[in-house]
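Here is a short note to go with the structure you are about to open. Please keep the view at hand while you read through the points.

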Amino acid sequence: MRWQTMLKAEDVRLKATTGEIISVIRISAHPEKRREFFLTISSLLDSIKREEGCRDCRFYEEAGDHDSFLLVGEWNTGADYYRHASSEQFAVLQGALKVLSQQKHLDFRLLSRIDGIEPFATLQT
């Protein structure tokens, strides 16, 4: 899968990231496997949320497309996310994605805080 290669290439930099990391996976499930996919991912959420450094993990269905989902994880640091990416829960997630999703409609992103964004944050208050 695409993120396996990306994670290996970014291991050192990711582990050294001290700010919050947000992982976003957009997934399109096979329509005939949608229910199994939904149940599998839903069953992983509690164990992922209990992992060290996990601030939150949420699973959303995309409006207007009942076969597309977003899995959003919030991690304290890059090292916390890296630990998660090496965990049994992540291995189960990868297996579910391989079997139950449409690989060509899989999108994975890692986001981190940008220094200097503080002035924009104060505008929201």
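**Notes on the fold, core and cavity**

1. Buried here means under 20% relative accessible area, exposed means over 50%, and partly exposed lies in between (1.4 Å probe, protein chains only). Phe38, at a relative accessible area of 35%, is partly exposed.

2. A word on the ground rules. This is a predicted model, in which local features need pLDDT of at least 70 and side-chain atom pairs count only at pLDDT 80 or more, while totals for chains, interfaces and linings use all residues. Residues are numbered from 1 along each chain as its sequence is written, and side-chain values use heavy atoms, with hydrogens and water left out.

3. Next, the overall layout. The chain has 5 helices and 4 strands, which follow one another as α-β-α-β-β-α-α-β-α along the sequence. Helices (H or I, at least four residues) and strands (E, at least two) are DSSP runs, numbered from the N terminus. Of the 125 residues in the chain, 34% are buried.

4. Back to the two phenylalanines. Phe38 and Phe69 form a tilted aromatic pair, with 6.2 Å centre to centre and 40° between the planes. Phe38 sits in helix 2 (residues 34-49) and Phe69 in strand 3 (residues 68-75), 31 residues apart, so the pair links distant parts of the chain. Rings of Phe, Tyr and Trp (its six-membered ring) pair if their centres lie within 6.5 Å; planes under 30 degrees apart count as stacked, over 60 as edge-to-face and the rest as tilted. The whole structure holds 6 aromatic pairs, and one aromatic cluster is formed by Phe37, Phe38, Phe59 and Phe69.

5. Which residues have the most contacts inside the largest nonpolar core? They are Phe37, Ile41, Leu71 and Leu93, in a core of 24 residues. At least two core residues come from each of strand 1 (21-28), helix 2, strand 2 (54-61), strand 3, helix 3 (78-85) and helix 4 (88-100). A nonpolar core is a set of buried Ala, Val, Leu, Ile, Met, Phe, Trp, Tyr and Cys residues joined through side-chain atoms within 4.5 Å. In soluble globular proteins, nonpolar side chains tend to be buried together.

6. Leaving aside neighbours within four places in sequence, Leu71 is in contact (heavy atoms within 4.5 Å) with residues including Ser23, Ile25, Ile41, Cys57, Phe59 and Leu93. Across the chain, among contacts between residues at least 6 apart in sequence, 74% join residues at least 24 apart.

7. Leu71 also turns up at the cavity. The search of the whole structure finds 1 cavity of 30 Å³ or more, and the largest cavity has a volume of about 80 Å³. Of its 13 lining residues, the closest to its centre are Ser23, Ile25, Leu71, His84 and Leu93. Strand 3 gives the largest share of the lining, 4 residues. On a 1 Å grid over the protein atoms alone, a cavity is a set of points where a 1.4 Å probe fits but cannot get out, and lining residues have an atom within 4 Å of a point. Grid points are joined across faces, edges and corners, and a volume is the space filled by probe spheres set on the points.

8. Asp65, in the loop between strand 2 and strand 3, is partly exposed, with a relative accessible area of 29%; its C-alpha atom is 8.9 Å from that of Ser28, 37 residues apart along the chain. Tyr82, in helix 3, is partly exposed at 21%. Ser87 lies in the loop between helix 3 and helix 4 and counts as buried at 15% relative accessibility; the C-alpha atoms of Ser87 and Ile48 are separated by 9.3 Å.

Conventions:
1 Å grid on protein atoms, 1.4 Å probe; cavity = no way out; pocket = protein on both sides within 12 Å on 5 of 7 lines; lining within 4 Å.
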